[in-house]
Amino acid sequence: MISVKNLTKHYGDFSLNVSLEIPEGRITGLVGKNGAGKSTVIKSILGLVRPDGGTVTVLGKDAGALTPEDKQHIGAALSDSGFSNYLTVRDCAKILEKLYDRFDRKAFLDTCARYGLPENKQLQKFSTGMKAKLRVLVALSHGAKLLIMDEPTAGMDVEARNEILDILRAYLAEAEDRSVLITSHIATDLEGLCDDIYLIHNGKILLHEDTDVILSDYAVLKVTEAAFAGLDKTYLLARRQEPYGMRCLTNQKQFYMENYPGLVIEKCGIDDLILGMTGGK
């Protein structure tokens, strides 16, 4: 579905240089701190910014050569874009009817109503969570095979975020050939959704791993200074000084469980991975 090879983009002191692949039927998360380069990758894939180098292929074509017909198969939700605040959901439906051949107006309005989005209320009166839900429902409204979502849950409370993730799960369950690229700095949102994760930091991919592997094989080790001195460091990915000693990230949890039975070993989530890989030594 998407192939990015040696994509480069420069903004002042910031430089992006990434490669990634999203095959058909895959849900891929792109995680990292704010300013890591996630939105630049998304906008390059969508053709909204011109790369300085490398190649971006979407649906088998160069991203810059996609036709209006090709774009019928892409749904996008960007955190910094949307319809005019003076429009209503009903107005948005009229616009979407003109843009997408497979747009189902009745289904769209029914779904909006089901998720608490009144069709005759101006968008400027919507809450942050309501606007986010509308962006996601618009992206899903025309049966897209490829979804590209940039921070779709940003700025929302836990309940609203879970609702949006449920919308995505229901949509993906309808067909096996749909692919998704989703970015978030709230990584826990992606643990139950994504098949694999790319971690980006300062414009570079630090890690690519299946989500199941992260949750099963990665771990956080908490060790005193004395214990750290005698610890086998072969499988440590990162370490950070803490008041109690050292906080270490490993992708070989079983090794340390078997060889250091008294060691404090905690489950590693994606947020722990981001902290360890971008905040430690």
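Me: What classes do the residues lining the largest pocket divide into?
Reply: The lining has 19 nonpolar, 8 polar and 3 charged residues. Ala, Val, Leu, Ile, Met, Phe, Trp, Tyr, Cys and Pro count as nonpolar, Asp, Glu, Lys and Arg as charged, and the others, Gly among them, as polar. This is a predicted model, where local features need pLDDT of at least 70 and side-chain atom pairs 80 or more, while totals for chains, interfaces and linings use all residues. Residues are numbered from 1 along each chain as its sequence is written, and side-chain values use heavy atoms, without hydrogens and water.

Me: What volume does the largest pocket have?
Reply: About 780 Å³. A pocket is an open set of points on a 1 Å grid over the protein atoms alone, where a 1.4 Å probe fits, with protein on both sides within 12 Å along at least five of seven lines; lining residues have an atom within 4 Å of a point. The volume is the space filled by probe spheres set on the points, which are joined across faces, edges and corners.

Me: Which lining residues are closest to its centre?
Reply: Of the 30 lining residues, A76, A77, S81, Y100 and V138 are the closest. The elements giving two or more residues are α2 (68–71), β6 (74–78), α3 (89–99) and α5 (128–140). Helices (H or I, at least four residues) and strands (E, at least two) are DSSP runs numbered from the N terminus.

Me: And how much space lies in the second largest pocket?
Reply: About 330 Å³. Its lining has 15 residues, with T111, L140, S141, Y171 and E174 nearest the centre. α4 gives the most, with 4 residues.

Me: Now the sheet. What is the strand order in the open sheet of 4 strands?
Reply: The order is β12-β13-β11-β14, with antiparallel pairing. Two strands pair if DSSP finds at least two bridges between them.

Me: How many bridges join β12 to β13?
Reply: There are 6, and the two strands run antiparallel. Q241 stands opposite M246 in β13.

Me: Last topic: is α1 mostly covered or mostly exposed?
Reply: Mostly covered, since 6 of the 8 residues in α1 (38–45) are buried, meaning under 20% relative accessible area with a 1.4 Å probe, protein chains only. Among them are V41, I42 and I45. Just after α1, G47 takes a positive phi of about 80°.

Definitions and conventions: Buried means under 20% relative accessible area, exposed over 50%, partly exposed in between (1.4 Å probe, protein chains only).
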